[in-house]
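Please read the briefing below alongside the sequence and the model. It is grouped by topic.

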Amino acid sequence: MTMRVPSMMNNAQSLLDLQRIKASYAETAQQLTSGQADPNLGDDPSATSLVLNYQSSISLNKQYMAQADTATSQLQSTSTVLTSMGTDINRLLELGQEGLAGTADASSRVALGSEVDALRSDFIGLGNTEASGKYLFAGTKTTTKPFLDNVPATATNPQSVTYQGDSGTISLDLSPSNSVVTNIPGNSLFFGPGGQGSSTDLLAQTTALRDALASNNTAGLQTAYDNLKTINDRINVAMGDLGGRENGITTLKDGLSAFNSNLTTIQSSVASVDYPTAITQFSQDSVAQQATLSVMAKTNQKSLFDYIA
Amino acid sequence: MADLGTSLRIGLSGLQASQEAMSVIGHNIANVNTPGYSRQSAVLSTNPAQNNGNILYGTGVSVSAVQSLRNQFLNLQVTQSIAAQSGSETRYTGIQAVASAFQDDGTTGLNTQVQAFFNSLSTLATTPEDTSARTNVLGQAQSMLTEFKSTYQVVSDQISTANQQVASLVPQVNTLTQQIASLNTQISQNVDPLAANDAIDQRQALTDQLSKLVGVQVSTDSQNNYLITLDSGAATLVSGRTAYAMSTTPNAGNGNRLDVLVASGNTPVNVTGQIKGGELGGNLDLRDNLLPGYQTKLDQIAGSLAGQVNQINMTGFGLPDPTTGVSSTGVALFTGGNGASTGINPATGLAYTTAGVPNYTGMISALTLNPAVTADTDLIAASGVAGVAGNNTNALKLAALQNSLAAVDTQGNGSFSTGPFSTVVSSLINTVGTQAQGFNTTATNQQNLTTALQTQKASQSGVSLDEEAAQLLAYQQSYQASAQFVSTISKLTQQLMSAMS
């Protein structure tokens, strides 16, 4: 059957087709110029929401990476302090050994004692180390100077050091299920399990060593020396623990960063325009537009009236 | 016997019929671009024969009718399709207008702002003693609120636009229904109501215009009157010679938005929720269902987020005073709540309407940062222990809110939807996009259907100039031939006359 094609019909259909082609043309052009696969919200809602979810995940991972960076820098500062402490304790033990040697006499011990006193001040200084505005060894009271040297000492009361921090630990989250402690509270590091003034107290034992050297008390010297050796072991263990934590964070951070670069790749594969496809589409639309225009111009040119004289 | 006079009349009838048929062709050609015009054709029939004894002589031709070629069933389908198309287009346009406000390119947008707020809380956890981290939390909280408010405002503006559209569409509907009713009168008064071609076409064109404005159902009665009701059947717009006027009245219970009424007897019928198709149906749906739905979601997310941040902040402790070492207990970070509040929920620090039942409606407009916190950032409770500056346990809890499942209390009654805040925001954005896409697809499909139906209708009823030209040639020839015949008969008569003189 031959279809009747009335004069208006041609125009209506061709016009609709032309509008469609122009719309597609404009959309591809927008994709190409914006570089986005779905420049408008209604283009592909499920892809849009995927992209947003990727964005959220990436942002969350960045937060964890930032926390890991902070944790690493805190642990590294702590680690530096511990290394200095180790050096100081080794010097302390050397001095103790010299004092205990048979060749030492009262006057040489006094000289040794003054160096021990310098090391003691050094320990207090290390205990009051600040990193990025925080006292490292004050527990969670990071704005309070943790160690206060009580000078002068009285004859009956050996020079003591007061701890003004607390024993709180500071944790940072490295993933929803994983957190790391970024500090060593000063009292546990310096005073040890025995607590302040006990045989495990680094500062008390240093004070005892100094006082024993000054007063030429070899028995006291021996006790202090032995206690300091035990304390040295404890500090070494603490350093090992710190190193372990740092390594753990580095591994986690590497994981996060690899995960993020994967996510970014996937996100961009969804969000960014596929240039070869878009350009092909663009030239197709361009051809279709030209074809439609010329067909419209041709078909509507003629009617039978043109031939009736 | 067939005398010369009879022959002359036969010739004359041929001339007249041809000329009348050509005038029908002229009418067709003139209306080639008239919307809704159905092509007409002259129906020629042989005149009754003259009986002369046992011989019957023909007496020529006459135009017995001018017929219009139309398919009433197709017409009604087109009407329905136009209503569905314009309804979907209106909904799509309305949603598309707000979609850009929901769009998130990773640097601006709701999702990004919510993320940035949680980022600032995470930074606070790394440096709880730092004032700049606290200032940053406040700044991000403010940006997030601003983003929520501006998105909400864009939707509100679109709702007012839809409401204004409703107001301007109603008089247009009334004009059309009145015209259709008067055409009904004209058509039904015709001797043959089915033969009032031009009036019928005009009425159909007006009905198509009407269905673009409002979804309708059309049926005809025995007098060929159009009976037009709303697509839901809730009210009659045109019945016979009567048009029932539409009117609007502000509804105090719906923010003084306009209710649509249709006159019916003494009491007008409220048809506000009963119009599906057409621009009016689309705008009412946008105004009362689609757009307010987005606002409800925004209110729920913002209210839930503010409430839960407050809840955690209120259990922690602020930065201790550097001299006294005393820290204050955390306070609500966000204040505000429902406009018609009757009290403050002690747990969330937000206002409520009915105790124990937080109502999120209108939450966003009322939410602000607590001025006490803006004045003193130390009140942001990063610490879980009183008087301790470096404790970050509460800040970690705040930052962890972004991951906690079941974060949004959608009903405001403790029944939580699943999903962390970031997902809830992106799922709202997804809803907006999906609805825009859905209505766009429907509109495109309806447009295809309308075009197909109109093509089919045009193929039956449309004027083809080629066809008219061919017809014109045929009638021109028959006119010329009849004229020749008349001239021949006239010559015979002259010869007869001259022979007699």
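In chain B, four strands form an open sheet in the order β5-β6-β7-β8, with antiparallel pairing. Strands β5 (216–220) and β8 (242–243) of chain B are at its edges, each with a single partner strand, so one side of each has no neighbour in the sheet. The model is predicted: local features need pLDDT of at least 70, side-chain atom pairs count only at pLDDT 80 or more, and totals for chains, interfaces and linings use all residues. Residues are numbered from 1 along each chain as its sequence is written, while chains are lettered from A and ligands numbered from 1 in the order in which they are written.

- Helices (H or I, at least four residues) and strands (E, at least two) are DSSP runs, numbered from the N terminus.
- Two strands pair if DSSP finds at least two bridges between them.
- Strand β6 (residues 226–230) of chain B pairs with strand β7 (residues 236–239) of chain B in the antiparallel sense, over three bridges.
- T229(B) lies opposite T236(B) of β7(B).
- N224(B) is in the loop between β5 and β6 of chain B, and its phi is positive, near 60°, although the residue is other than glycine.
- Most residues other than glycine have a negative phi.
- N224(B) counts as partly exposed because it has 19 C-beta neighbours inside 10 Å; buried means 20 or more other C-beta atoms within 10 Å, exposed 12 or fewer, and partly exposed in between, with C-beta atoms placed from the backbone.

**Three-strand sheet, chain B**

- A sheet of three strands, also open and antiparallel, has the order β9-β10-β11 (chain B).
- Its edge strands, β9 (246–251) and β11 (269–270) of chain B, each pair on one side only.
- Strand β10 (residues 257–262) of chain B is joined to β11(B) by two bridges, and the two run antiparallel.
- The bridge partner of L261(B) in β11(B) is N270(B).
- Helix α4(B) packs on this sheet and touches β9 and β10 of chain B, its direction making about 155° with that of β9(B).

**Helix pair α4 and α5, chain B**

- Helix α4 (residues 131–189) and helix α5 (residues 197–213) of chain B pack at about 160°, with axes 9 Å apart; axes are lines fitted to C-alpha atoms, for helices over the stretch in contact, and angles run from 0 to 180 degrees between N-to-C directions.
- That angle makes α4(B) roughly antiparallel to α5(B), a label for angles over 145 degrees.
- Residues of α4(B), among them L169(B), L176(B) and L183(B), meet residues of α5(B) including I200(B), L206(B) and L210(B); contact means C-beta atoms, placed from the backbone, within 7 Å.

**Selected residues, chain A**

- L213(A) is in helix α5 of chain A and counts as buried because it has 30 C-beta neighbours inside 10 Å.
- V110(A) is 103 residues from L213(A) along the chain, yet their C-alpha atoms are separated by 5.7 Å.
- Not counting residues up to four places away in sequence, L213(A) touches residues including G99(A), V110(A), V116(A) and L221(A).
- N216(A) is in the loop between α5 (202–214) and α6 (218–271) of chain A, and has a positive phi of about 60° although it is not a glycine.
- N216(A) is partly exposed, with 17 other C-beta atoms within 10 Å.
- A29(A) is in helix α1 (residues 7–34) of chain A, and its C-alpha is 8.8 Å from that of I279(A), 250 residues apart in sequence.

Methods: Angles under 35 degrees count as roughly parallel, over 145 as roughly antiparallel, 65 to 115 as roughly perpendicular and the rest as oblique. Two residues are in contact if their C-beta atoms, placed from the backbone, lie within 7 Å.
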